[in-house]
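The exercises below are to be worked with the sequence and the coordinates at hand. Each one sets a task and then goes through a solution step by step.

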Amino acid sequence: DFVVSMRTRWDPLIDDRDSWRIARTREIFIAMSLGAAANRFLDSRLWWRRAIALRALGLLQSRDHTGRIVAALDDANVDVRAAALDALADLHDPASLPALVVRLLDTTLPYGRRLNALSAFGAAAEPLLVELSTLDTTHHVAYARALSLCGTAASRELLCEWTTDPTPEVRAAAFVALAHIGLDDRCVELAIRALDVDVPVVRAAAASALHGWSG
């Protein structure tokens, strides 16, 4: 019965995200040992069954399935890959964080969901993002955008360096991230200087970063 009606029963829970209902459902899921049924859905040839299983397992914080959910990031169906990202955001298992950070640049995954999954971890994702950005200098725009969601003052020095990057898009993304993190005196000086550059996107980002500054 669980297998036949899983989609009908889980969609409302996923949509309304009521914390009490989720907690009670988790208790029932564990008590009834429904993990095997969920695994059958994960192995189904029907993409929607795989997707609903992933979202349900993420919502229920089923960390026993973290490996299966991470593996679903390589599913042949884009909707299933999107469901895996949503599940990892809900699951919030630190064991999945390295995989999410590495997949930041994976264009086979929906862009917004990539960032959303990372942002769910907050500052915990920052050290890995900074480490990878020092090794991969060709994708600083993507790393700056990710740091704009989960960066802290620990990233400020790195982002200040990027505000003088030869690539305008990197400079602009760095100012956007700094606006999220918060400016110090050095950031303010760099932003004021950037107001005079001849690249509109950089000027706009610098002005936005200075918005609200009263020094």
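Read along the sequence, the protein follows the pattern α-α-α-α-α-α-α-α-α-α-α-α-α-α, where helices (H or I, at least four residues) and strands (E, at least two) are DSSP runs numbered from the N terminus. This is a predicted model, in which local features need pLDDT of at least 70 and side-chain atom pairs count only at pLDDT 80 or more, while totals for chains, interfaces and linings use all residues. Residues are numbered from 1 along each chain as its sequence is written, and side-chain values use heavy atoms, with hydrogens and water left out.

**Exercise 1. Describe the overall make-up of the protein.**

Step 1: the secondary structure comprises 14 helices and 0 strands.
Step 2: of the 215 residues in the protein, 47% are buried, that is, under 20% relative accessible area with a 1.4 Å probe and protein chains only, where exposed means over 50% and partly exposed lies in between.
Step 3: when contacts (heavy atoms within 4.5 Å) are taken between residues at least 6 apart in sequence, 62% join residues at least 24 apart.

**Exercise 2. Determine how helix H6 packs against helix H8.**

Step 1: H6 (residues 78–91) and H8 (residues 111–119) pack at an angle of about 15°, with their axes 8 Å apart; such axes are lines fitted to C-alpha atoms, for helices over the stretch in contact, and the angles run from 0 to 180 degrees between N-to-C directions.
Step 2: H6 is therefore roughly parallel to H8, given that angles under 35 degrees count as roughly parallel, over 145 as roughly antiparallel, 65 to 115 as roughly perpendicular and the rest as oblique.
Step 3: the contact is made by Ala82, Leu85, Asp86 and Ala89 from H6, together with Arg113, Arg114, Asn116 and Ala117 from H8.
Step 4: by class, the contact of H6 with H8 has 4 nonpolar, 1 polar and 3 charged residues, where Ala, Val, Leu, Ile, Met, Phe, Trp, Tyr, Cys and Pro count as nonpolar, Asp, Glu, Lys and Arg as charged, and the others, Gly among them, as polar.

**Exercise 3. Classify the pair H13 and H14.**

Step 1: H13 (residues 185–194) and H14 (residues 200–210) pack at an angle of about 140°, with their axes 8 Å apart, and they are therefore oblique to each other.
Step 2: Val188, Ala191, Ile192 and Ala194 in H13 meet Val202, Arg203, Ala206 and Leu210 in H14, a contact of 7 nonpolar, no polar and 1 charged residues.

**Exercise 4. How many disulfides does the whole structure hold?**

Step 1: a search of the whole structure finds 0 disulfides, a disulfide being a pair of cysteine sulfur atoms within 2.5 Å.
Step 2: Cys160 is in no disulfide, and its nearest cysteine sulfur, that of Cys187, is 3.3 Å away.
Step 3: Cys160 counts as buried at 2% relative accessibility, and Cys187 counts as buried at 1%.
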